[in-house]
Amino acid sequence: MTTLDSGAPTYTGIDALSVDLTDGVLSVTMNRPDSLNSLTQPMLATIADTLNQAASDSRVKVVRLAGAGRGFCSGAGISEEDHANPGANGTPADVLDAANRAVRSIVNLPQPVVAAVHGPAAGVGVSLALASDVVLASQKAFFMLAFTKIGLMPDGGASALIAAAIGRIRATRMALLAERIPADQAYDWGLVTAVYPADVFDSEVDKVIATLKSGPAVALRKTKNAINAATLTEFEGALEREKQGQLSLLDSHDFREGTKAFQQRRPANFTDF
């Protein structure tokens, strides 16, 4: 249940995204466990709307971004349910715009955001995690940019966020080879803040959130802003370049072949040049 001050604005989630404000912690939880929390346009829009509202809410000290079930987030629009109901998810441009809004809202939020990555993070799920200020991973977690497997390119600001975290060469490796990066390797690369055993993960996340919640709000805000300004100079440009590139790729033969191969669980035969 959301705790309220008299006259304060409320936070409302949707079936696939729960939102709760308790004792200064705004918990935003992706809740489609059957698809490892694959994202829809309404989910992304709700993340953006929620955090844009929280930006001016003095009750919110820290945000916890997490996923339900065994995964953090498998990305956008790749589940069988999504393919079966494309109209409910909006046009590709709608989904890209909503993803950009969601990632931008995390980066621009004055309060710190903690991503609790307890399981797989793929596609734009990686962008949501890397847009956060503190990325905590369970040893069961892994990170994967799977876009090229279906003839697409990373989006959601990934080309800027990941390169800022781990450098051009490793970011290019993740994006081009679509490899699974286990939690310990992600930590060694600098992709995540810390890695914890699965059995103590939740308690360790709670400790980090408690530290941030009791910290000096103004100093934390100015620190976040300064670091982002110094390291994410290409963030807005990346969002636009990725959108234009992705829209072009979504209309390609390779994407249609890649999607069909994904659904049929076979290697894709890419032929575009």
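L109 lies in the loop between α3 and β4, where helices (H or I, at least four residues) and strands (E, at least two) are DSSP runs numbered from the N terminus. The model is predicted, so that local features need pLDDT of at least 70 and side-chain atom pairs count only at pLDDT 80 or more, while totals for chains, interfaces and linings use all residues. Residues are numbered from 1 along each chain as its sequence is written, and side-chain values use heavy atoms, with hydrogens and water left out.

- With a relative accessible area of 3%, L109 is buried (buried means under 20% relative accessible area, exposed over 50%, and partly exposed in between, with a 1.4 Å probe and protein chains only).
- Apart from neighbours within four places in sequence, L109 is in contact with L51, A54, A55, V63 and K224, contact meaning heavy atoms within 4.5 Å.
- The C-alpha atoms of L109 and R59 are separated by 14 Å, the two residues being 50 apart along the chain.

**Helices α1 and α3**
- Helix α1 (residues 41-54) packs against helix α3 (residues 92-108) at an angle of about 30°, and their axes are 8 Å apart; axes are lines fitted to C-alpha atoms, for helices over the stretch in contact, and angles run from 0 to 180 degrees between N-to-C directions.
- That makes α1 roughly parallel to α3 (angles under 35 degrees count as roughly parallel, over 145 as roughly antiparallel, 65 to 115 as roughly perpendicular and the rest as oblique).
- The contact brings Q41, L44, A45, I47, A48, D49, L51 and N52 of α1 together with D94, V95, A98, A99, R101, A102, S105 and I106 of α3.
- The residues of this contact of α1 with α3 divide into ten nonpolar, three polar and three charged, where Ala, Val, Leu, Ile, Met, Phe, Trp, Tyr, Cys and Pro count as nonpolar, Asp, Glu, Lys and Arg as charged, and the others, Gly among them, as polar.

- Five of the five residues of strand β6 (residues 134-138) are buried, so the strand is largely enclosed by the rest of the structure.
- In a regular strand the side chains alternate between the two faces of the sheet; in β6, V134, L136 and S138 point one way and V135 and A137 the other, and all are buried.
- Strand β4 (residues 113-117) pairs with β6 in the parallel sense over four bridges (two strands pair if DSSP finds at least two bridges between them), and A115 stands opposite V135 in β6.
- Strand β9 (residues 194-196) also pairs with β6 in the parallel sense, over three bridges, with Y196 in β9 as the bridge partner of S138.

**The open sheet β5-β7-β8**
- Three strands form an open sheet in the order β5-β7-β8, with mixed pairing.
- β5 (120-122) and β8 (181-182) stand at the edges, each with a single partner strand, so one side of each is left without a neighbour in the sheet.
- β5 and strand β7 (residues 142-144) run parallel and are joined by three bridges, A121 having F143 in β7 as its bridge partner.
- Helix α4 (residues 124-131) packs on the sheet, touching β5 and β7, and its direction makes about 105° with that of β5.

**Positive phi values**
- Most residues other than glycine have a negative phi, and most peptide bonds are trans.
- D23, in the loop between β1 (17-22) and β2 (25-30), has a positive phi near 50° and counts as exposed at 58% relative accessibility.
- N37, in the loop between β2 and α1, has a positive phi near 65° and counts as buried at 0% relative accessibility.
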